[in-house]
Amino acid sequence: MRLHSARPGELNWLLLPGGPGIGSESLHELADAMEVPGAIWLVDLPGDGSNTGHLADDPFRLWPHVLVEAAEAVPNAIFAGHSTGGMYLLATPAVRNHICGLVLLDTAPDYAWHAEYVQMTQDDPLPRFAEALAAYERDKSTANLTTLVVESAEWNFNPAGVDAGREMLARMPYNREAVDWSDANFDHTYEAQWWPTDIPVLRLWGTDDRIVSQRGWSAPKYVTPNVLACAVPGAGHFPWIENSRAVTEAFRDFSTRLASPKAD
């Protein structure tokens with residue numbers, strides 16, 4: 001956990017990146033856009049992002065349950081998970097006992113999104129991504145993984161944001177082992193194990209997100225009165241890159257709900 005910024009207030013916002021295999025540095029621009037009371041923390045799971053020092057022999061044996069440790073570390077915690085990060089949160093029911101709010105960013109309630117993602121990549125192939133994938137399969141180095149992710153930028157961002165998105169993806173830390181663990185143990189079997197109805201939830205996504213389908217959220221069990229649903233227009237999988245103003249407003253509205261006794 002690394003402190004990004006702090007404003008007056010008693011809340012602690014814990015930002016968990018997606019990927020997996022990408023560092024929480026991918027959420028710097030999100031944190032910059034969040035005009036919220038309290039402290040904002042960037043969280044990396046063991047063996048992921050910049051969290052690679054002093055590791056156990058198998059850091060992934062702690063995934064994703066180690067998230068409870070982060071939630072316990074600060075009072076008045078609000079956990080915010082982007083993409084796979086949100087899925088890890090929803091796969092860990094014990095987190096509920098230690099948070100007063102939940103934010104789900106371009107994430108999904110089950111693994112059905114993955115098939116739609118694969119179909120999208122087939123319908124809209126990127127030749128340079130295919131070349132990078134072939135290079136990565138020959139040599140699973142960090143450099144080749146970085147190139148592979150950068151070449152996916154046109155799937156992750158709209159044309160207006162693709163240059164900024166490519167620059168952001170190019171400067172991230174990446175971890176191949178985290179990618180492999182999630183592919184083998186999580187991505188293809190994930191189902192949400194809990195859903196909060198007694199704390200405020202912000203579900204936010206880019207209207208043009210082509211990575212993680214939002215179809216699963218239409219199930220009645222997820223359409224509960226405590227949920228603030230915010231579709232960010234003109235934005236893709238990292239909506240704060242293309243429409244930071246809308247993201248700022250969504251978090252401002254959500255903060256008001258957190259402060260209101262009627263939010264529950």
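Reader: Which residues form one aromatic cluster?

Author: Rings of Phe, Tyr and Trp pair if their centres lie within 6.5 Å. This model is predicted. One aromatic cluster here is formed by F60, W63, Y88, W181, F186 and Y190.

Reader: How are the rings of F60 and W63 arranged, stacked or edge-to-face?

Author: F60 is buried at 11% relative accessibility, and W63 is buried at 4%. Their ring centres are 5.0 Å apart, with the planes at 70 degrees. Planes over 60 degrees apart count as edge-to-face. So the pair F60 and W63 is edge-to-face.

Reader: How many residues apart in sequence are the parts that W13 and F254 tie together?

Author: The rings of W13 and F254 form an edge-to-face pair, 6.2 Å centre to centre. W13 lies in strand β2, and F254 lies in helix α11. The pair therefore ties together parts whose separation in sequence is 241 residues.

Reader: Is W13 buried or exposed?

Author: Buried means under 20% relative accessible area. W13 has 0% relative accessibility, so W13 is buried.

Reader: Which element gives the most to the lining of the largest pocket?

Author: The largest pocket has a volume of about 1000 Å³. Its lining has 34 residues, and Y117 is among the closest to the centre. Elements giving two or more residues include α5 and α9. With five residues, the one that gives the most is α4.

Reader: Which helix gives the most to the lining of the second largest pocket?

Author: The second largest pocket holds about 280 Å³ of space. It is lined by 14 residues, nine of them nonpolar. The top contributor, with three residues, is helix α2.

Note on methods. Residues are numbered from 1 along each chain as its sequence is written. This is a predicted model: local features need pLDDT of at least 70, side-chain atom pairs count only at pLDDT 80 or more; totals for chains, interfaces and linings use all residues. Side-chain values use heavy atoms; hydrogens and water are left out. On a 1 Å grid over the protein atoms alone, a cavity is a set of points where a 1.4 Å probe fits but cannot get out, and a pocket is an open set with protein on both sides within 12 Å along at least five of seven lines; lining residues have an atom within 4 Å of a point. Grid points are joined across faces, edges and corners, and a volume is the space filled by probe spheres set on the points. Helices (H or I, at least four residues) and strands (E, at least two) are DSSP runs, numbered from the N terminus. Ala, Val, Leu, Ile, Met, Phe, Trp, Tyr, Cys and Pro count as nonpolar, Asp, Glu, Lys and Arg as charged, and the others, Gly among them, as polar. Rings of Phe, Tyr and Trp (its six-membered ring) pair if their centres lie within 6.5 Å; planes under 30 degrees apart count as stacked, over 60 as edge-to-face and the rest as tilted. Buried means under 20% relative accessible area, exposed over 50%, partly exposed in between (1.4 Å probe, protein chains only).
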